[in-house]
Amino acid sequence: MQEKYIDETKQGEAFAIAERPENSKKLFLESYGCQMNFSDSEIVASILNEQGYNTTLKVEEADLILLNTCSIREKAEQTVRMRLSQFKNLKKEKPNMTVGVLGCMAERLKTKFLEEEQLVDLVVGPDAYRDLPNLLKETEDGRDAINVILSKEETYADINPVRLGGNGVTAFVTITRGCDNMCTFCVVPFTRGRERSRDPHSIIKECQDLLNNGYKEITLLGQNVDSYLWYGGGPKKDFVKASEMQKATAVNFAQLLDLVAKAVPEMRIRFSTSNPQDMSLEVFRMIAKHDNICKYVHLPVQSGSNNMLLAMNRQHTREEYLDLIKKAKEIVPDIAFSQDMIIGFCNETEQDHQDTLSLMKEVEYDYGYMFAYSERPGTPAHKKMEDNIPADIKQKRLAEVIALQGELSRKRMESYVGRHHKVLIEGISRKNKNQWKGRNSQNAVCVFDMLEGQKIGDIVDVFVYDNTQGTLLGRTAE
């Protein structure tokens, strides 16, 4: 569980599920970017499974290739363009093959894909996956097809996602879509639309179905899970127009956590991603109340400088963030935090950078996701601010942030040594086939020797005797 400096040039991940004998067509589905994209791919696979498509890991045998894309950073888009270019020869060999782009990049670039790439047949935004069967019929008739209309209602609540790949133990459950926060650096509100929440009853049903199918851990997922608010449907921004009855019976995120924890007490519960401005102390009280809610929160801060937070349109200050962390640790003493950090945002000074380093030291994050700022077309920062921090300074500051997070990660890992931890076995260690790997409540990865009778999905009492910067070393407690 070392600090995460994401390789944005990495190829996407393709998954496959068990074949339906009656299906005759092949779908190659590759996902890039955030957990929301991977969750959306499961929805897409479910829709197309009903349309006669089995998933495949062999791109050369596919009748339909879909790339579920990310627009958060420029390199992510470059990677997708490079990937599309790799399909040119394959397309010549199989002229009836359909190639499509899904997700945020499809929403942002829209018709440019059809006009510029001269390869893509299909462009589908995040709220239009139900329209895939109709769009595919258009491509079969020789026409390019596009639907990037954003919805104020779509949550795909009634679609039972297939579980692509995975370990059969952990699963994502999407509870919100879209985002209203309008951070100046972020393209998500423009690619995923306004924020809306999913019916809590459908969430609970999906969690119970996962439990019945042998899953042991769920992650409640959304661009901003803490602002979950169900009042009968519709965008969160329209809650002010709700009836008195709707307001009185509305369910917020803390209440949803309570409902889910009670509905599936045998399952561990995580959630991501959180936003400081919407995170309430009641959420931390729910973590303290329920043993099955993991004691870990990913709480992006983006910068330790109030100047940068204001420029980013983050709706919190440094002081408010640190106060939230302090109170959270009082309510849940053994809680762990991770961060997102943008380095070298517009007009960032050396003092702003030092403020980020000092905040990291005060919080003592377990790990983090750290990036040099890259301008995204269409965002307020791109329209109104100059990306004026030289690349060499960005990289120098980023290296300092990564180095500090490495020190903090090692310190946090050391704090878990000499203690017993409940570890969910998620698979076999990549480095040693005779060891299990899993995570404790704080999301720290732990490896330990296999014992007879243990299996994937077991929750094991593990004594941690040592650590590396990113991993706990343990043995099954006697």
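1. A residue is called buried when its relative accessible area is under 20%, exposed when over 50%, and partly exposed in between (1.4 Å probe, protein chains only). Arg397 has a relative accessible area of 7%, so it is buried. Glu350, at 36% relative accessibility, is therefore partly exposed.

2. This is a predicted model, in which local features need pLDDT of at least 70 and side-chain atom pairs count only at pLDDT 80 or more, while totals for chains, interfaces and linings use all residues. Residues are numbered from 1 along each chain as its sequence is written, and side-chain values use heavy atoms, with hydrogens and water left out.

3. Arg397 and Glu350 form a salt bridge (a side-chain nitrogen of Lys or Arg within 4 Å of a carboxyl oxygen of Asp or Glu), with their closest N and O atoms 3.6 Å apart. The pair links distant parts of the chain, 47 residues apart: Arg397 belongs to helix α16 (residues 391-415) and Glu350 to helix α14 (residues 350-363). Helices (H or I, at least four residues) and strands (E, at least two) are DSSP runs, numbered from the N terminus.

4. The whole structure holds 26 salt bridges. One of them joins Glu217 to Arg268, with 3.1 Å between the closest N and O atoms. Glu217 lies in strand β11 (residues 217-221) and Arg268 in strand β14 (residues 268-272), 51 residues apart. Both Glu217 and Arg268 are buried.

5. Glu217 also meets Arg270 in a salt bridge, at 3.1 Å from N to O. Here strand β14 supplies Arg270 and strand β11 supplies Glu217, 53 residues apart in the chain. Arg270 is buried, as is Glu217. A network of salt bridges links Glu217, Arg268, Arg270, Glu426 and Arg439.

6. The second largest pocket has about 340 Å³ of space. A pocket is an open set of points on a 1 Å grid over the protein atoms alone, where a 1.4 Å probe fits, with protein on both sides within 12 Å along at least five of seven lines; lining residues have an atom within 4 Å of a point. Its lining has 18 residues, and those closest to the centre of the pocket are Arg268, Asp291, Lys295, Lys422 and Ser441.

7. Strand β18 (residues 420-428) gives the largest share of the lining of the second largest pocket, three residues. Domain 2 (170-415) and domain 3 (417-476), with bounds from an automatic or database domain assignment, both contribute lining residues, so the second largest pocket lies between them.

Technical notes: Points joined across faces, edges and corners; volume = space filled by probe spheres on them.
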